[in-house]
Amino acid sequence: MPIPSLRGGGFRLSAWSSLPDTGVLESLMAASFDAIVLDMQHGMHDVRSMEAGITIAARAGKPAIVRVPVGDLAFVSRALDFGAAAVILPMIETVEDARAFVDVAKYPPLGNRSFGPSRTVALHGYGIGADYMRAANDSTLTLAMIETQSAYRDLDAILAVEGIDGVLVGPADLSVALLGRLDPNCAETIELTAHIAHRVAAAGKFASIYASDAEAAHRAKAQGFHLAGISSDMAMLKSAADSLAGSVER
């Protein structure tokens, strides 16, 4: 089937995967998450596990989103060729960064992405490569990560770049950059993220955010974000392990 779309359908909750183990990925996709983020920036995913994660998500009928390493544009088109529904590029600072992102993520006339989507054509059941190529610019999303002073200042200009489909907000780095301290859930950071959601909505683009817990995810929905990536597999495993071990008297 075609790549599951992230557009429309109301608010979505995404699992956040740092661990490359296929059993963990299958467990996340068996849960009621709407999508999955495969983290190559701070997580442990490599090319092989990224491809495996995209495949597991596709077989579950869910979109896979890949956060590539900082500045690593080569991974953008690879993730899309493997069947990703969206790519997050961290540390977007300027309009020029956004244009470079579009250049490798979108086929002409929007960009200059090289043609070679054999894996995504087979995985998602496109008849031929040309069928995928015709759909790809609209069906796959480029999400610029907003987490620095420059990105916050130039957000409207970044959103105006043709081919940038939306953003992913990183509240932790945003708080460090704009407030001078790590405080992703304080009132000031919440105000900043709400302002970003408003500006993204005004541009008619896709707003996503990282949420550390359920409270933050509920807040993201209220602020108008379309998607929240919540917690992480590592954090969930630690929390469950601590809870279980602590519940047994010894």
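**Exercise 1. The largest pocket**

How much space lies in the largest pocket? Describe the lining of this pocket in the predicted model.

*Solution.* 
Step 1. The volume comes to about 190 Å³.
Step 2. The lining is made of 16 residues, and the closest to the pocket centre are Trp16, His42, Arg67, Met145 and Tyr210.
Step 3. Helix H9, residues 171-179, supplies the largest share of the lining, namely three residues.
Step 4. Sorted by class, the lining holds five nonpolar, seven polar and four charged residues.

**Exercise 2. The second largest pocket**

Which residues are closest to the centre of the second largest pocket, and which element gives the most to its lining?

*Solution.* 
Step 1. This pocket holds about 160 Å³ of space.
Step 2. Its lining has 15 residues, of which Pro171, Pro184, Asn185, Tyr210 and Arg219 are the closest to the centre.
Step 3. Two or more lining residues come from each of H9, helix H10 (187-202), strand E7 (206-211) and helix H11 (214-223).
Step 4. The most come from H11, which gives four residues.
Step 5. By class, the lining divides into nine nonpolar residues, five polar and one charged.
Step 6. Tyr210 is listed among the residues closest to the centre of the largest pocket, and Tyr210 is also listed for the second largest pocket.

**Exercise 3. Strand E1 and its partners**

Is strand E1 largely enclosed or largely open? With which strands does E1 pair?

*Solution.* 
Step 1. A residue is buried when its relative accessible area is under 20%.
Step 2. Strand E1 covers residues 12-17, and five of its six residues are buried, so the strand is largely enclosed by the rest of the structure.
Step 3. One partner is strand E8 (residues 227-230), which pairs with E1 in the parallel sense over four bridges. In this pairing, Leu13 has Ala228 as its bridge partner.
Step 4. Another partner is strand E2 (residues 35-39), which runs parallel to E1 and is joined to it by four bridges.

**Exercise 4. Strand E5**

How many of the residues of strand E5 are buried, and which way do they point?

*Solution.* 
Step 1. Strand E5 (residues 141-146) is mostly covered, with six of its six residues buried.
Step 2. Leu141, Leu143 and Met145 point one way from the strand, while Thr142, Ala144 and Ile146 point the other way.
Step 3. Strand E4 (residues 86-89) runs parallel to E5, and four bridges join them. Leu89 has Ala144 as its bridge partner in E5.
Step 4. E5 also pairs with strand E6 (residues 166-169), again in the parallel sense and over four bridges. Ile146 stands opposite Val169 of E6.

**Exercise 5. Two residues and their contacts**

Is Asp165 buried or exposed? Which residues does Asp165 touch, and which does Leu6 touch?

*Solution.* 
Step 1. Asp165 sits in the loop between helix H8 (155-159) and E6.
Step 2. Its relative accessibility is 11%, so Asp165 counts as buried.
Step 3. Leaving out residues up to four places away in sequence, Asp165 touches Arg7, Lys106, Thr140, Leu141, Thr142, Lys205 and Phe206.
Step 4. The largest nonpolar core has 76 residues, and Leu6 is one of those with the most contacts inside it, a group that includes Ile36 and Met50.
Step 5. With the exclusion of residues up to four places away in sequence, the residues that Leu6 touches include Arg12, Ala35, Leu141, Phe206 and Leu227.

Notes: Residues are numbered from 1 along each chain as its sequence is written. This is a predicted model: local features need pLDDT of at least 70, side-chain atom pairs count only at pLDDT 80 or more; totals for chains, interfaces and linings use all residues. Side-chain values use heavy atoms; hydrogens and water are left out. On a 1 Å grid over the protein atoms alone, a cavity is a set of points where a 1.4 Å probe fits but cannot get out, and a pocket is an open set with protein on both sides within 12 Å along at least five of seven lines; lining residues have an atom within 4 Å of a point. Grid points are joined across faces, edges and corners, and a volume is the space filled by probe spheres set on the points. Ala, Val, Leu, Ile, Met, Phe, Trp, Tyr, Cys and Pro count as nonpolar, Asp, Glu, Lys and Arg as charged, and the others, Gly among them, as polar. A nonpolar core is a set of buried Ala, Val, Leu, Ile, Met, Phe, Trp, Tyr and Cys residues joined through side-chain atoms within 4.5 Å. Buried means under 20% relative accessible area, exposed over 50%, partly exposed in between (1.4 Å probe, protein chains only). Contact means heavy atoms within 4.5 Å. Two strands pair if DSSP finds at least two bridges between them.
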